[in-house]
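Hi everyone, thanks for coming. I'd like to walk you through one structure today, so please have a look at it with me.

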Amino acid sequence: MGNPLTPDVLVDPVVLTRTLVDIESVSRDEKTIADCVEDVLRRAPHLSTERHGNTVMARTDLGRDQRVVLAGHLDTVPVNDNLPSTVVDDLIYGCGTADMKSGVALALHLAATLPDPRYDLTYLFYESEEIESQFNGLHLLSQHRPEWLAADFAVLLEPTYGVVEAGCQGTLRVTVRTRGRRAHPARAWRGVNAIHAAGEVLRRLGDYRPRTVTIDGCTYREGLSAVRITGGVAGNVIPDECAVEVDLRFAPDRTEQQALDHLHEVFAGFELEVTDSAPGALPGLDAAPARDFVTAVGSEPAAKLGWTDVSRFSALGVPALNYGPGDPMLAHAPDEHVEIGKIRDGAATLHRWLAAY
Ligand SMILES: [Zn+2]
């Protein structure tokens, strides 16, 4: 079978979205779509193209002062009886329409049709974002091809419904453990009840007042929540251990270490064990290409409250933000769809920003 990404398809980001959606690419099964994308990019004389696994990178080398990355993941969550795509009025339905083939389509459309952008551009089409981090194409590049990620600014075309979402909050999950001594409840005074001791942990959580932090005009709301509690041995034993699992979402003005120090203060006197930790990312809106981008979009940026791959760029010192046509609420949903108008708006915005050389 020939490559469905023909020149006629590449010039229209809406048709291109649909064509990409119809190339099934569940995580770890991205070879076909990566082959098609690589083939398109290799045909463009203004790009140099390389591949690592099922991640494809193409870049211009025009000697511009600044370099911008446009990135999107090629994989989707498992198909849920929603392929091939269908169109109903202004909506394209199908697996990956919002998250994030419509965003990939914008980048691939630009790669194929914009030979002389205002900044040097690096296009990254990467594998396995929807599964464990060890398979993530950007993670693998950061280990094996970090020079492909070098830039002054990066846009991830993840679904944001046409709004700029800047930075992201960090995540820290810890287990707060209380200890006691087992005894028979008939002689409870001989034991120490670890579940009763956890009451103090819950009281501190209840009294906790999370911060709201504004950085570069983006407002981040932190949160500290118990997400699980376990304890108890049997109906006739005073328990000697209780564990409260606590999740902190922290604004990107704190490092992971500062977030952990903060939890040690909140739970002073208790044993803490870290089970998961991921840094946040500052909005990075002061880079010149970022300012121009926000102007091209024409609306105020919002804070990203979840964790996204922008923080991988941030960790490498590259300011990054999310901007894409899909609605994030529809990501991974069985009725996942994207508005055709949002795809056209997104393409026009990126063009306004990048073509003004
Ligand atoms: Zn995504």
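Before we start, one term: I call a residue buried when its relative accessible area is under 20%. Also keep in mind that this is a predicted model.

With that cut-off, take Cys168: its relative accessible area is 0%, so Cys168 is buried. Cys36 is buried too, with a relative accessible area of 10%. For Cys36, which is in no disulfide, the nearest cysteine sulfur belongs to Cys95 and sits 17 Å away. Cys168 is likewise in no disulfide, and there the nearest cysteine sulfur is that of Cys218, at 12 Å.

Now let's zoom out to the chain as a whole. The protein chain has 357 residues, and 52% of them count as buried. Its secondary structure comes to 10 helices and 17 strands, and the C-alpha trace spans about 80 × 45 × 40 Å along its principal axes. If you take the contacts with a separation of 6 or more, 78% of them are between residues 24 or more positions apart.

The accessible surface is about 15,600 Å², and carbon and sulfur atoms hold 50% of that. The chain carries 33 positive and 51 negative charges, whose mean positions are 7 Å apart.

Next, the metal. Which residues are the protein donors of the zinc ion? They are His73 through NE2, Asp99 through OD and Glu158 through OE, at 1.9 to 2.2 Å from the ion. Along the sequence, the spacing of these donors reads H-x25-D-x58-E. His73 belongs to strand S3 (residues 67-73), while Glu158 is in the loop between strand S7 (153-156) and strand S8 (165-166), so the pair ties together parts that are 85 residues apart in sequence. And both His73 and Glu158 are buried.

Last stop, helix H2, which covers residues 13-21. This helix is mostly covered, with seven of its nine residues buried. Among them are Pro13, Val14, Leu16 and Leu20. What lies over those buried residues? The cover includes helices H1 (7-10), H3 (31-43), H4 (97-113) and H10 (340-354), along with strands S5 (91-93) and S17 (337-339).

That's my tour, and I'm happy to go back to any part of it with you.

Methods. Residues numbered from 1 in each chain as written. Predicted model: local features only at pLDDT ≥ 70, side-chain atom pairs only at ≥ 80, totals over all residues. Heavy atoms only, no water. Donors = N, O, S within 2.8 Å, 3.2 Å for Na, K, Ca; no water. Helix = DSSP H or I, 4+ residues; strand = E, 2+ residues; numbered from the N terminus. Buried < 20%, exposed > 50% of the residue type's maximum accessible area, 1.4 Å probe, protein only. Contact = heavy atoms within 4.5 Å. Areas by Shrake-Rupley, 256 points an atom, 1.4 Å probe, with all protein chains shown as cover. Lys, Arg positive; Asp, Glu negative; His and termini not counted. Charge placed at Lys NZ, Arg CZ, Asp CG, Glu CD. Disulfide = S-S within 2.5 Å.
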